[in-house]
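Colleague: I'd like to learn how to read a model like this one. Could we go through it feature by feature?

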Amino acid sequence: MRPQLFTNALLGGLVAGLASATASSSVSLATATCNPLKSTGCPADPALASSVVEDFKSQSDHFSVYSTPDQIFYTDEGLKLTLAKRFDNPSLRSNFYIMFGKIEVLLKAANGTGVISSFYLQSDDLDEVDLEWFGGDGYEVQTNYFSKGNTATYDRGGYHKMDDPRSDYHNYTIDWTSEALTWYVDGQAIRTLTNDSSQGYPQSPMYLMMGIWAGGDSSNSQGTIEWAGGSTNYDDAPFSMYIKNLVVVDYSTGSEYRYGDTSGSWTSVDAVDGEVNGRQEKADAEFEALVSGDSVDDEDEDDSTTLSGGSLSRTDSSASASEDGSHFASVSSVASGSIPSSKRSITSDTQASSAATTLKTVNSASSLSTSAASSSYTASASSGAGTQHTVGLLNLFASFVSAGLVALTLI
Ligand SMILES: *[C@@H]1O[C@H](CO)[C@@H](O)[C@H](O)[C@H]1NC(C)=O
Ligand SMILES: *[C@@H]1O[C@H](CO)[C@@H](O)[C@H](O)[C@H]1NC(C)=O
Ligand SMILES: *[C@@H]1O[C@H](CO)[C@@H](O)[C@H](O)[C@H]1NC(C)=O
């Protein structure tokens, strides 16, 4: 069984930490980095506290461009994310967080050796719940999870046989409660993780990410390339993944979710003006209705102003996916809790040596796009989930990397 080499957060964090350091000295890494396990002063996370359905026929107010805006398309069929050339990593990130809930996505994974289609939940303290598909692999999906960014265990990843995820849309469901986490494909449970797992249990407020990237890029470590299923051949591009529908229900109520201490335990999370698991029954009912195509009273369709608590009251809803990553600036400034994970650095002394190894590997590779250095937000937007984006900047910030941003290659 192939190991999962990294968390998506670690990849994104590495890249963007570098990017923001490079881009502008006015972007302080200290403020860009807030892991609630290490600090009690982190900004709270804007709560969804309702239900959302998206067909992605047009840009959604609930999602921001995370990377590669020019390869994100809203079509009659829904969302299309295209890897057209090397270093493309089109991806979206939700502006909201959920504190337990259910997610269902109708998704068709991309073709292409080494091309990874990904859909995952992630928290500020680096809990993660993943679904990933391999473009060279027509018969399985990988499920994975991380607890508090811990990559030191290797049997978290699960591989599940299914009909070719690249030839048709399939229905993937994540049911995440304080008791268990269950992944479904086409309504069949494929895996359940209970909250007593010896490797930890994801239990902190999560945002959603979806994107496509080349795990098989030659700038990646050999382990990553192998995990991805081999080297990506860009002559075969473009590669696209598709999302036709997305339903998200939050089990909790409130305006924002705040870590009460540095334990990372869900029982320490404070739902401000609300309650953790305060709407579970209601949410389950809404979920059933929404996945059947019905609407619900509490539904929050394409109208961010109705977001409970209004902490995400983005007013620039006309902002389009074609703008650059500076989009994040406005979102972050309105909702301070939504600083992209790409703006957080990960520190792990014990893993410094593997970071050094990584550094050598990527140093020999090609250079990062110049846009990464032109603005901090553009830089973060070009980070996403792929290691390949780190190249180049690593040359400039080697010491920074070896000091703080590691854990990339654990194998
Ligand atoms: C993948 O390739 C197959 C065979 O060419 C094609 O039928 C399918 O539509 C492709 N899938 C995607 C997501 O492009
Ligand atoms: C874990 O789940 C069990 C039910 O399976 C529940 O009784 C218990 O409270 C949960 N533990 C935590 C820490 O949530
Ligand atoms: C997807 O699966 C869920 C159960 O996990 C089911 O309730 C829902 O109706 C399915 N949706 C589609 C479009 O098949």
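Colleague: Let's start with E132: in which strand does it lie?

Modeller: Keep in mind that this is a predicted model. E132 lies in strand β9, and E128 is in that strand too, which spans residues 128-134.

Colleague: What does the UniProt annotation "active site" cover?

Modeller: According to the UniProt record, an unreviewed entry, that label covers E128 and E132.

Colleague: Is E132 buried or exposed, and why?

Modeller: You count C-beta neighbours: a residue is buried if 20 or more others lie within 10 Å of its own C-beta. E132 has 22 of them inside 10 Å, so it counts as buried. E128 also counts as buried, because it has 24 C-beta neighbours inside 10 Å.

Colleague: And what does E132 touch, once residues up to four places away in sequence are not counted?

Modeller: Here you look at contacts from elsewhere in the chain. E132 touches I116, S117, S118, Q142 and N144. Two of those names, I116 and S117, come back in the contact list of I212.

Colleague: Which other residues is I212 in contact with?

Modeller: Leaving aside neighbours within four places in sequence, the list also has L81, L83, P90, A110, V115, F239 and M241. I212 belongs to the largest nonpolar core, a set of 76 residues. Along with Y97, M99 and V248, I212 touches the most other members of that core.

Colleague: Now the ligand. Which residues surround ligand 1?

Modeller: For a ligand, list the shell, then sort it by class. Around ligand 1 you find K108, A110, N111, R166, S167 and S240. By class, that shell has three polar, two charged and one nonpolar residue. A110 turns up again among the contacts of I212.

Colleague: How do I read a sheet? In what order do the strands of the open one run?

Modeller: Follow the pairing from strand to strand. The order is β1-β17-β18, with antiparallel pairing. The edges are β1 (45-46) and β18 (269-272), each of which pairs on one side only. Four bridges join β17 to β18, and Y259 stands opposite V269 in β18.

Colleague: Where is G254 found?

Modeller: G254 sits in the loop between β16 (239-250) and β17 (256-259). Then compare sequence with space: G254 and V272 are 18 residues apart in sequence, while their C-alpha atoms are 5.2 Å apart.

How values were computed
Residues numbered from 1 in each chain as written. Chains lettered and ligands numbered in written order. Predicted model: local features only at pLDDT ≥ 70, side-chain atom pairs only at ≥ 80, totals over all residues. Helix = DSSP H or I, 4+ residues; strand = E, 2+ residues; numbered from the N terminus. Core = buried A, V, L, I, M, F, W, Y, C linked by C-beta atoms within 7 Å. Buried ≥ 20, exposed ≤ 12 C-beta atoms within 10 Å, placed from the backbone. Contact = placed C-beta atoms within 7 Å. Near = placed C-beta within 6 Å. Nonpolar A, V, L, I, M, F, W, Y, C, P; charged D, E, K, R; others polar. UniProt positions renumbered as here; feature names shortened; annotations may be inferred. Pairing = 2+ DSSP bridges.
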